[in-house]
Amino acid sequence: MSDTFEVKRGSVGFTIVTNSVLKDSRLSWQAKGLYSYLVSNTVDWKVFKKEVQNHATNGRESTANAWKELVKLGWITSVAKQEGGKMSGWHHTIHCDLGR
């Protein structure tokens, strides 16, 4: 006995997600879901972790753990931004390929 899945797409918006991240067996399903959500937003979208938490039932710690997973494995890189010698936030890069 096997399960079957059907995907019905409407005529509005969808997101293409790289197979590399979806097939990365080192990632949890939670991290893959967070990655998919992050890349579904516009290129100029400002990421606020607290705001991301509000778009799912996972709590702060769960979302933070998924984020850390993506950073640890190189799917997200974060660099501190400086203004006037002080940290002013982060620049996050979501990678679509790790060179595999």
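1. A polar contact of 2.9 Å joins the side chains of Trp75 and Asp24. (A polar contact is a pair of N or O atoms within 3.5 Å; within protein, one must be able to donate a hydrogen and the other to accept it, and residues adjacent in sequence count only if both atoms are side-chain atoms.) Trp75 is found in the loop between H4 and S1. Helices (H or I, at least four residues) and strands (E, at least two) are DSSP runs, numbered from the N terminus.

2. This is a predicted model, where local features need pLDDT of at least 70, side-chain atom pairs count only at pLDDT 80 or more, and totals for chains, interfaces and linings use all residues. Residues are numbered from 1 along each chain as its sequence is written, and side-chain values use heavy atoms, with hydrogens and water left out.

3. Is Trp75 buried or exposed? Trp75 is buried, at a relative accessible area of 0%. (Buried means under 20% relative accessible area, exposed over 50%, partly exposed in between, with a 1.4 Å probe and protein chains only.) Trp75 also lies 5.1 Å from His95, C-alpha to C-alpha, though 20 residues separate them in sequence.

4. The structure holds one aromatic pair. The ring centres of Tyr35 and Trp75 are 5.8 Å apart and the planes stand at 75 degrees, so the pair is edge-to-face. (Rings of Phe, Tyr and Trp, its six-membered ring, pair if their centres lie within 6.5 Å; planes under 30 degrees apart count as stacked, over 60 as edge-to-face and the rest as tilted.) The pair links distant parts of the chain, 40 residues apart, with Tyr35 in helix H2 (residues 29-39). Both Tyr35 and Trp75 are buried.

5. Strands S1 (residues 76-83) and S2 (residues 86-94) pair in the antiparallel sense over eight bridges. (Two strands pair if DSSP finds at least two bridges between them.) Ile76 has Ile94 in S2 as its bridge partner. Two residues lie between the strands of this hairpin, and Gly84 takes a positive phi near 60 degrees.

6. Gln53 lies in helix H3 (residues 49-53). Gln53 is buried, with a relative accessible area of 19%. Leaving aside neighbours within four places in sequence, Gln53 is in contact (heavy atoms within 4.5 Å) with Asn58, Arg60 and Thr63.

7. Now confidence. The protein averages a pLDDT of 82, and 86% of the residues score at least 70. (pLDDT is the predictor's confidence in each residue, from 0 to 100.) Over residues 1-7 the pLDDT is below 50, and this stretch has zero contacts in the model beyond near neighbours in sequence.
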